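Hi,

Here is the structure I promised to pass on. Have a look at it first, and my notes on what turned up follow below.

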Amino acid sequence: MPFVSALGGILVLLMTRVIYRVYFHPLRNIPGPKLAAATGLYEFYFNVIKRGKFIWEIERLHEIYGPIIRISPREVHIKDPEFFEEIYAPPSRPREKYSVFVKQFDIDHTAFTSVSAEAHRECRTPLNKFFSKSAITKIEPTIQRHLDILCGHIKSAFPSGRVVNLDSGFAGLMSDVIHEYMLGYHSGNLDTEDFNEHVRDGLNGILRLSHLNFFLPLMKLMKIIPMPVLKVLNPFAYAAQEMKCRIRECVLGFLSGKTDITKGAPVIKSVIDQLPAHLQGSQRLTDETFSLLNAATETTSRALSVAFFHIISNESIKIKLREELQSVMPTPDSHPTWDQLKQLPFLSGVVNECIRMSTGVAARSPRIAPNEALVYGEYIIPPGTPVSEIVHFIVHDPVIFPEPHSFDPERWIRAAEKGERLDRYLVNFSKGTRNCLGINLAYAELYITIARLVREFDFTLYKTTWKNLACARDFMAPYPEEGNMRFKVQVESVVSE
């Protein structure tokens, strides 16, 4: 009987909660399915059971209910590019992150996961100067030096017709650059012929578990599982924990004045070496470094893969781009600056288009207005409500970007000629005070890498179609329908003039 009474009490409590959420909650008038308003299991089904498909269910719900919908008991989603800057607002209108979302990464001491505007400002302000345009301009030689290594591997693959896993090459390049800049040592991914294709295993482990970790504290549980056991249970989760341990060792080595745990002597004065003393706690540095290394690797390498898939697939794009590049790259081994490359309109169109079509972050990133109600049409969203927009819907909006699934660099040139600010809708790096810290580094790497490889090589695709790159599942980052992103090529020729 006590068990039956307890069970009955739990059922009454659950029913009371459901009734409140559906009929009495402040969001009760927001359109959407009653099941989503009643329980988070609606999202659980699409993101955990169906593996990253909630993004497309949200799109379907918008087709039914309109531009504003309630997608969970607490959260509202809006599909309206013109409202994006209301949600992701400037400093004069403080925004907080949704604590439930950021906890899934188990990196509590970072600018990325800080919840309040004050905590975010405290974490981010010391880092801003290292990622300003002027700071990134100073490390262009570092980008070029690592790119030289990548180009060397590509050249060596030409005589034998060896297949080049270019997405791994891009990931290795981005990882080596950010490792050197953040920690001051050469991580050596590009030193191997396969570019250390496992460099993203740890990140894939975190991302593929992100939805389950939203509902269960898996990242914290993984800390207490012995590493050999974790390796058997989930190799990707093991890689994530191993990556965290390696970064922590590097941080502890830096704090103790030892550098023998790094791979080689420091090459440049690192960001970590220049941070204020009050930020140099081991946990905080470990979390912040882990966050930045992963963010700087995945999104930019994916954008490069998208760019070269379309450049290779469309001969006219490659020819026009190469002709334009010759104005600042008279020889294939020329090293123009980022500033010079930014002046080239067609290259700029290619860069913007690859950013747009690569989406960046596929997942929604809710914001909370703690002190103001947001008004959307006839609907009032109370203070403290998580509200989000999904970037993919904006950068593939057919009204703003006609034929959104076509790679069309000239759409940016046409818009500029008409005086239209199409870049206003290129929201991959978000907006407001929480925009991506590494935006300048990403742009510099994209311009410089695309220019070098287009000027030096001709490629053909190898067993790669758009399905290997297209966003079909949302595991925070865009993933294809099956497996991880894959982009393989063969070198058709090495350009000599």
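The side chains of Lys155 and Glu456 meet in a salt bridge, 3.7 Å from N to O (a salt bridge here is a side-chain nitrogen of Lys or Arg within 4 Å of a carboxyl oxygen of Asp or Glu). This pair ties together distant parts of the chain, with Lys155 in helix α9 and Glu456 in helix α22, 301 residues apart. Lys155 is partly exposed at 41% relative accessible area, while Glu456 is buried at 4% (buried is under 20% relative accessible area, exposed is over 50% and partly exposed is in between, using a 1.4 Å probe and protein chains only).

Before you read on: this is a predicted model, where local features need pLDDT of at least 70 and side-chain atom pairs count only at pLDDT 80 or more, while totals for chains, interfaces and linings use all residues. Residues are numbered from 1 along each chain as its sequence is written, and side-chain values use heavy atoms, with hydrogens and water left out.

The axes of α9 (residues 140-157) and α22 (residues 439-456) come within 11 Å and cross at roughly 35°. Axes are lines fitted to C-alpha atoms, for helices over the stretch in contact, with angles from 0 to 180 degrees between N-to-C directions; helices are DSSP runs (H or I, at least four residues), as are strands (E, at least two), numbered from the N terminus. The contact (heavy atoms within 4.5 Å) involves, among others, Ile143, Leu147 and Lys155 of α9 and Leu441, Ile448 and Glu456 of α22.

The whole structure has 26 salt bridges. One of them joins Glu57 and Arg60 at 2.9 Å, N to O. These two sit 3 residues apart in helix α4 (residues 54-65), so about one helical turn separates them. Glu57 is buried at 5% relative accessibility, whereas Arg60 is partly exposed at 39%.

Glu85 and Arg424 also pair up, at 3.8 Å, N to O. Glu85 is in helix α5 (residues 84-87) and Arg424 in the loop between α21 (410-417) and α22, 339 residues apart. There is a salt-bridge network too, linking Glu86, Arg93, Arg95 and Glu372.

Last one: is helix α11 (residues 201-208) mostly covered or mostly open? Mostly covered, with 7 of its 8 residues buried. Among the elements covering those buried residues are α15 (235-255), α16 (282-313) and β10 (473-475).

Cheers
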